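I opened this entry to look up pairs of charged side chains. My notes follow in the order I took them.

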Amino acid sequence: MSVKRLRLMSPSASSDEEDHNEAPTEAKRSKKGDAAVDDSNVLYHPVKLSRSDLYRPPTAEELNQLKEAESLFHCNLLKMQMEELLKEVALSERRKKLIDSFVQRVTKLLEAVPETAEVEISDLSWLSGSAKVPFLLLPQVTKGKFHMAPPSSVDPIGSYPLGTCIKPHVVVDLAVTIPANVLHPKDVVNQRYPRKRALYLAGLAQYLASFSDLGPMRYSCLHGNRLRPVLLLIPPGKDSRSSFTVRLHACPPPGFFKPSRFHPLRNNIRTEWYTGLQTSNSEGIEPPTPHYNSSILGDLLPKAHLQFLSAVSSQCPAFADGVALLKVWLRQRELHQGAGCFNGFLASMLLAYLLITHRISNTMTAYQLLRNSLNFLASTDLTVNGVSVAKDPDSSAPSLAEFHSAFQVVFVDPSGHLNMCADMTACTYKQLQHEASVSMQFWDDPTVDGFYSLLMTPKPMIRTSDHVFQYLVKLQSSCKKLNLLSELMDHSGDYIHTTLPLILSLLQQGLGQRIQLLTHSLCPDPEWSVSNEPPKYKTQPPISFGLLLRPELATSVLERGPPADSPKAAEFRQLWGSRSELRRFQDGAITEAVLWEGESMCQKRLIPKQIITHVLKLHADIPESCLRYVGATVDDVIKKGSEVPSTGEEESLVVVQAFDDLSRKLWALEDLPLSITSVQGAHPALRYTQVFPPVPLKLDFSYFDREKKSKSLVPSKDKPCPVYITPITVICHMEGSGKWPHDRFAIRHIRAAFHIRMGELLKKHHNYSYKPCPTHLDVWKDGLAFRIQVAYHREPQVLRESLTAEGMLVVRDNEEAQALEMATIHKPLLTSTLHGLQQQNPCFGAVCRLAKRWLAAQLFSDDITEDTADLLVASLFLQPAPFTPPGSPQVGFLRFLCLLSTFDWRNNPLVVNLNNQLTGTDYTEIKNAFMASRESLPVMFIATPKDTKQSMWTKRAPSIQMLQRVMVVAAESLKVLELQLMDGTQIQDVRVVLRPPLDAYDALIHMNTNQVPLLCHAVDPPGVNFKRGVITGNAKASSGVLPVIDYNPVSLYLTELRDAFGDLALFFCDPFGGTVIAVLWKPKAFIKAPFKVTGDEAKTFPNVSAILEDFRILGKGLVKSVEAKTEKWSF
């Protein structure tokens, strides 16, 4: 709607409308001297601009404003999405009332805990069998007395009273203060306090067990720390587990122990008590116990922490929402719980630190708080420069340097005495830093859905790390080997977390520059029934380690060390042991070096495994048999070769080199009527994505018959189907000239003449066998078959032109022209683009091969075509957010399955930004055009820089039903595969995701295995005792008879079936050695149709048994049997 005039009125002037025609017109602003003029009744008329002013280019200032508006829109959209998320995770008033009611009930019961007589700590006779002590009593005995008494107070602590508690896992913490007369000031020594704390919890569990309205009770540990057991109360009811859990913490009275007793350099566990042996330490110097000290100190301060956080949050209205968003971000990255995690408490303290140091403002929104928190984490290394929330710590508080000497990560609480990151390893913090850094990189990127990547996408280790491994071994021997007695005392016998920092350090040294990041899983908090003994350390699930590789360095077979006379040479030899040896290099240097085994790329990818195995065996006494490495398990499904296994990289390289050589020879041909303007590959093997790339073959001609006229080879009827020879498509564009005719049939004849002439010249100059055809020229070169197609750039336009009966020229698009453009323009361009992507990302081709092998095995290869699959995989490398580009085939394949199963194909286009040609504006235009025309577009819409509106790669397939089927199977495959890879107790057979569920089909056509040429590539290849006419030896000879090219009886039979019965059924087959064709009847084909015969009307209905018999007759010699699976048609 155009605005005729802009009227500015004061409220008091609203009654003067009738005088508006006589109001003065003001074309210019009043001068400063005219301040007395009242503007409230002034009308502003639009300024008339000249044509040159109206269309002049925007100024730099205006461009900046447009840029700011675009950025603001992106931020505002993200902000609104976050606000909606906050509503989803916030607790409802109904749930808060349930929590308050339950907490009051528990508090009332706890105040009436009965007293018991005083006994020795080691005397457990007062406990009945209904409750066990949640503590591993090792050593068995310690001094001290204990008795039960009602708690001094029961106070809510943690996230619930602070208002930062979020769904889905709602935990309400209660601090139960142990009475002062139960404890003794010297209880900090030799685990006396932790044992009394555990006994007090056991007494509470025994007492509360008699109240049935409290629901089931279980023990757990706070963040995996066995020194800090907690009692979990789960309200009764059907959905009680998903509702909330109340967690009871037993705490000493505030100020009962002096904080100075818990200095990180002080000792509170005596070696003589812990080992039970007389020490020969004459000086009596005991090792410090910083982790033990921080565990007890953590119990002293929860109320003080709550008071501090409440005071800070009251100054910042968005504090609770900021913490909630940070918690969601941490949960999606699996950093929020477990031993050494970055939990919600640390998230709250981090925001509080940023507020009190004025790095963020009290007036900021939750969106800004999250952004600034991640920016701080990405840019601050707490492993080197720790920070402290304490403003004025007392003189006895440790310095940051003292904290750094005892802990790997330092973040000091408001008291100045407690390191809140005491249990965190440097690797966990580096992972946190890395995740924050990656998040900041795509936050403002308009080409990325920031909200979905930031807060909605889970990042499990198996999908985030390139390689994952576990060690399945008790680590007591490692403790001895690494001489970790004092550390074991400090961790109270937890040998897993005692050895972890040392093992991480070893791995970091060994892997060096090969990895960007080393991560490890966080041991989940153990849970067990109150009537059971606490689980031993050996029952914990194994720790998983993740490697984020540097693809350019990870596969290097040589580890070059310092020069032999360097002081560092001794360190290098000490790290590598017997694997280190002196070597002379081409530059004359003599250095220490380690050489690893690896010929093919799939072997080189596992060099990190060789390094890890060697280093752990040498330094930590962990044998190779105890290492479970799942870095390349899935690669087996495309692995070929017995002597030197390969996943296709070497074979693809041979094909590319042969193509490059043929290309040079084609360019050099001189006796052609027109010169060649380009030679382009248009075959998946030339972009490294062919599932099983063609290999040079030497043929045994006795397996073939000769055709009488042309003397060319034909398959022998008496022998198995010969080996399948893949034609590698090459598009050869000829120059434009007036000599080209303007008739479609004449152009075809000219192309056929070019094919004949090219073949003659290649035979004459290079002695290549060839066979010209009207559509192509087949050339046999070095044991490979190349299919050359001559192309003329104006031919698609000629195909679109036609003359009407009146002689008018009409240009109309048609399928024939589109198919020709696809074959001669789009496919070669895609091939060269993806070839470039492979050069940048060495595992791109292997991920494509895995993805296409899965699609073929699940019978989807006709719906998700090769080009479509390659584009889907390319999107994982070009827009990897929230991940980094895949560094191994396995992780790329898992993300491919995740993309297929979770992408919202209905409401979003998948934009594949090849060569980074699309800008943020282009993305917006693509999305708007997509939404405007959604109903007329393909169900799977893939946009590329050359195809932003049509999605030509998915125009014909898949259908909506097939896409839904693909999504369901992909989701199930991903679930099964990830479970197998992460859980060693599962049956280890990754091929299970390649075996399609054939029960879903109506009929199965079984084929004779000797007529299936690609049988060796089957998922489960059967044992065969026949050959296919291939002999071992050098395949370089290019002359001789041209073999049978592109002969596959299965695909020919499938084509015939679809032509004959496509209106009745759908046909599915695995093109790589599948021996079964699955048939699915079309429901519409079985609706009875009217049929008139001599005036009488009858109903027709397909004769299924006859159709099945026709399947058998049509495939005579190939079909073994036809099996009917269902009888849907009889309904």
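I began with burial and found that R463 and E978 are both buried. The model is a predicted one, and I read each entry below with that in mind. I then checked how the two side chains relate: R463 and E978 form a salt bridge, with 2.6 Å from N to O. Next I looked up where the partners sit. R463 belongs to helix α16 (residues 461–464) and E978 to helix α32 (residues 960–982), so this pair links distant parts of the chain, 515 residues apart.

I asked how many salt bridges the structure holds. The count came to 49.

Another of them joins the side chains of E120 and K145, at 2.6 Å from N to O. Because E120 lies in strand β3 (residues 119–120) and K145 in strand β4 (residues 145–146), the pair ties together parts that are 25 residues apart in sequence.

I went on to E581 and R583, whose side chains meet in a salt bridge of 2.9 Å, N to O.

Definitions and conventions. Residues are numbered from 1 along each chain as its sequence is written. This is a predicted model: local features need pLDDT of at least 70, side-chain atom pairs count only at pLDDT 80 or more; totals for chains, interfaces and linings use all residues. Side-chain values use heavy atoms; hydrogens and water are left out. A salt bridge is a side-chain nitrogen of Lys or Arg within 4 Å of a carboxyl oxygen of Asp or Glu. Helices (H or I, at least four residues) and strands (E, at least two) are DSSP runs, numbered from the N terminus. Buried means under 20% relative accessible area, exposed over 50%, partly exposed in between (1.4 Å probe, protein chains only).
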